[in-house]
Amino acid sequence: MKAVSRTRSLSLLLLAALALLLATPFAPRAAADASISTIARALRASPVYVDPAAASQLAKADADALAKQIKNANKPVFIAVLPAGYPTANLFSSLRAATGITGLYGIRLGDRFDARADSSVMPTTARRNLVNSVQGEPARTQLADFTDRALLTVRGHAPRSWGGSSGSGGVSGTAVIVTGAVLVAGGAGAYALVRRSRRRRAEEQRAALDRLRVVVDEDITAFGEELDRLDFHPAEPGADDAMRADYERALDAYETAKQRMSEARRPEDVRTVTEVLEDGRFSLAQLAARRESRPLPERRPPCFFDPRHGPSVADAPWTPPGGAPRQVPVCAADATRLKDGRDPVIREVDTEYGRRPYWDAGPAYGPWAGGYFGGGILPGLLVGTLLGSVMATPSYAADYGTGYGDFGPDSGYDGGFQGGDDSGTDFDAGDFGGGFGDGGDFGGGGGDNGGDFGGGF
């Protein structure tokens, strides 16, 4: 009997082992990584995806709140929260191809964060500065800050797949009748509203131009005083044709600036005035170098803290209150102040809250700054400031003009598919290349060298 019992027990153990062996290949992996296709399907339905294995990083209530915020803003911002061990090779480009929607994609992977975007949605400089500004923050804070700042700068609209479209393919006759009645009844009122809106906008532009006029007149006066102090005479001993040409350009800039300011009718007209003043000050810097037998200065933007200081001589690190660090062009005097731990001499303007730095004084100063800091450098200088945030909104161009580097539609990144469009795999893979890591250097030690992040991502 004991032998029979042992035989029966052994048979049961063998059967159990066989059942376990057969079931193992078919049992789901509890910690299996979600596939790119799974994440893409989720993001096509909602802007925020949290992998079950990373649920501890972002509570469902917080994820839902972020999704609602993005949908309400009608912007193509996608956020994915993934576990730390998720494979990073080609993660952004693969996700973008699987999703097929132009947009800004931010990924929290363990305690690291990075983002990529189609160039039609956000330029590289703006995206890089945005990522750097949230590095090192806890997950909930980081994703909230990223979303808040991204919604101010990202271009385009939310994808149609986020909308709660009904399954019905037709429209009822009653709906057509009601809609028609509403349109007819509201036609006259709509016309009146449009006229009032145009008048209000014209009044706001006039008020903005009046504020700018005070600041630009100060700039023109300061430039005229520089000319008076110059004590240069074209016929003086040692003067050559190059010196006389510099002097002539400076005089022409002074007269042209006065004329253009007197003819300005809209805020964006001010940009050409400050462009001329910047050119005139550079001519004076060249003249001074020739007279003192020094090497001619490099053509650089004016001092960020106050363009009246003249052309900058170097870039120096600076962090605005509550903002991210960045390199800004500075004059020799401000470079020394910063090096000594002192505050630079900042250009302040009048606001309803008192004197404030020009970058915290409101949207009217965008054209003024755009003339001084053209060529695409302005977004990097102003990111995280009040002026930078306002200039990055689509409505800004309608009120204050465009052409400020990466901010305006003339910057070269608004052609083709727009944010939120279904482009499938028709996108620039370079926008989504690079490595994944911390602090902006996502390539594993190479730096970005002025382009997209390097590395094997």
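User: Where does A202 lie in this model?

Analyst: A202 lies in helix α7, which covers residues 173-230. The model is a predicted one.

User: Why is A202 called partly exposed?

Analyst: The relative accessibility of A202 is 28%. Buried means under 20% and exposed means over 50%, with partly exposed in between. The value for A202 falls between those limits, so A202 counts as partly exposed.

User: How far apart are A202 and R266 in sequence and in space?

Analyst: In sequence, A202 and R266 are 64 residues apart. In space, their C-alpha atoms are 8.9 Å apart.

User: What makes E275 partly exposed, and where is its place?

Analyst: E275 sits in helix α9, residues 270-291. Its relative accessibility is 31%.

User: What separates the C-alpha atoms of E275 and G374?

Analyst: A distance of 8.2 Å separates them, while along the chain the two residues are 99 residues apart.

User: What is the phi of N74, and where is N74 placed?

Analyst: Phi of N74 is near 60 degrees, which is a positive value in a residue other than glycine. N74 is in the loop between α3 (60-73) and β2 (77-82).

User: What is the phi of N90, and in which loop is N90?

Analyst: N90 has a phi near 55 degrees, again a positive value in a residue other than glycine. Its loop is the one between β2 and α4 (91-99).

User: Why does N90 count as partly exposed?

Analyst: At 42%, the relative accessibility of N90 is not over the 50% needed for exposed, nor under the 20% needed for buried. N90 therefore counts as partly exposed.

User: How many helices and strands does the protein have, and what share of its residues is buried?

Analyst: There are 14 helices and 8 strands. Of the 457 residues, 41% are buried.

User: What share of the contacts with a separation of 6 or more comes from residues 24 or more positions apart?

Analyst: Such residues account for 66% of those contacts in the protein.

Notes. Residues numbered from 1 in each chain as written. Predicted model: local features only at pLDDT ≥ 70, side-chain atom pairs only at ≥ 80, totals over all residues. Heavy atoms only, no water. Helix = DSSP H or I, 4+ residues; strand = E, 2+ residues; numbered from the N terminus. Buried < 20%, exposed > 50% of the residue type's maximum accessible area, 1.4 Å probe, protein only. Contact = heavy atoms within 4.5 Å.
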